Amino acid sequence: MNASNPHRTRGATAYIITFLLATIAIALIAALLLNIFERKSEAKNPYIRLVEVDEDSTDPEQWGINWPKQYESYLLTAETTRTRFGGHGGSEALPEEKIDRDPWLKRMFKGYAFSIDYRDRRGHAYMLEDQEQTERLSKPQSGSCLHCHASIMPVYRELGDGDAMAGFEATHKMSYQELNKIVHDMGHGHPVSCVDCHDSATMKLRVTRPGFILGIQALAESDAPLPQMPSIERWRKGSRDQAYDPNRLASRTEMRSFACAQCHVEYYCSSAMPLEFPWSKGLRVEDQEAHWNATTFEDGKRFYDYIHTESGAEILKAQHPEFELWSQGIHSRAGVACADCHMPYQRDGATKVSDHWVRSPLLNVNRACQTCHHVEEKEILARVDAIQDRNFKLLQRGGTALMALLDAIADAKEAGATQAELKEALEFQRKAQWRLDFIAAENSMGFHAPQEAARILGEAADYARQGQVAALKAMATAKESASSTPQR
């Protein structure tokens, strides 16, 4: 019986192990190369167009067939989200009433439909539904309101015989209910959709809203410094023989804010004239105030949004000027776009897509904030909370000052002061309320531009107190006049 050679056995074992390791290594390398090839293919072909979409394709579900990653995240805008100072915190049917939480808002809006119904915001998926359900529709509302709540461009083209701008300019004369019916009858009863921000042929970012296009052209023509919008600064140095065209001239970074600025802005939205963005003098609160003060109605009277039923003042009502406040902040100066924080990029395989779950960055700190701010999440949240808390307290102080002004005006009227005698106090109310509402209506609680927000709120309280003093003087004059009048 022959004894086995131990050297030969060990050699065979080593050979087998080496062979197996080499096979595994080859398999892993092959898998890696295959994965790299697949990812490169994905990067070259980020989507496959399975269905055709065009300029009349307003249903986001149809676009979702071609772009499922973006559509899936868009659907999440129907989810309930909440931060300390904003978001949907009410029932699943409708969000909480702001005017119940802050009663001074109700008094501030007397004479305007917001005193009837003024709620926290919900996600983009609800922007049309919530508008259709608001109790503000119990009062006459203009068709202009659908400019930012429906995927309405095909309707504008239809009403304008192919000219969207002409159709847009006609809708302010229509009632909300009349235009809303047309929107649904034409099959476009969807909230703002993919086609409103993306070219249907190329998917390139674009702006479509007539109000924004007219507004940004007026802004470009102004003398307001705009370092945060370099394409406008370059256009200003040119011949200006053609109006500024954001779709042709703006960078992709600018478009990642302009797309949002189609709606997240201040504007006039009623029946006396077409919807208008007040940007002809700049984006600061006083620039927009100067625009409105220089605007007149067809009858020659000075512009106002409503007459305050308690005081008789001609009031300016701010809408939701997120873009304008952002433009005054450090993020805009640093080239940070709206979408960088509210729709940050996310990796999906080899592709990089914008997260279409549009929401507060506070709910997505890792991708929204920590890409630039390399500090712990709790530190970022603490910094934001400190900024918002300070502005919230300033807002409440401003509300208290405004209520004191309204009380003083009411007392002066009871003492016999006339509207003419109260003119100075009423002008201070217009100025104070415009600034207070500018921050109350803006959805960042001052974070988009903390120092600017604090300045605005400081001015609001100051003007309210100056108005209070003016009303007290008018009351004293009225009392003195009454006491000096001979009794019969």
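**Pocket, cavity and helix contact**

The second largest pocket is lined by Glu55, Met153, Arg157, Val195, Asp196, Asp199, Lys204, Leu205, Arg206, Val207, Thr208 and Asn247. A pocket is an open set of points on a 1 Å grid over the protein atoms alone, with protein on both sides within 12 Å along at least five of seven lines, and lining residues have an atom within 4 Å of a point. The model is predicted, and local features need pLDDT of at least 70, side-chain atom pairs count only at pLDDT 80 or more, and totals for chains, interfaces and linings use all residues. Residues are numbered from 1 along each chain as its sequence is written, and side-chain values use heavy atoms, with hydrogens and water left out.

The volume of the second largest pocket is about 170 Å³, a volume being the space filled by probe spheres set on the points. One cavity of 30 Å³ or more is found in a search of the whole structure; a cavity is a set of points where a 1.4 Å probe fits but cannot get out. The largest cavity has a volume of about 30 Å³ and is lined by Leu283, Arg284, Val285, Glu324, Leu325, Gln328, Phe438, Glu452 and Ile456.

Val285 and Phe438 also belong to the contact (heavy atoms within 4.5 Å) of helices α14 and α20. The axes of α14 (residues 285–294) and α20 (residues 423–441) come within 11 Å and cross at roughly 130°; axes are lines fitted to C-alpha atoms over the stretch in contact, with angles from 0 to 180 degrees between N-to-C directions. Helices are DSSP runs (H or I, at least four residues) numbered from the N terminus.

How values were computed: Helices (H or I, at least four residues) and strands (E, at least two) are DSSP runs, numbered from the N terminus.
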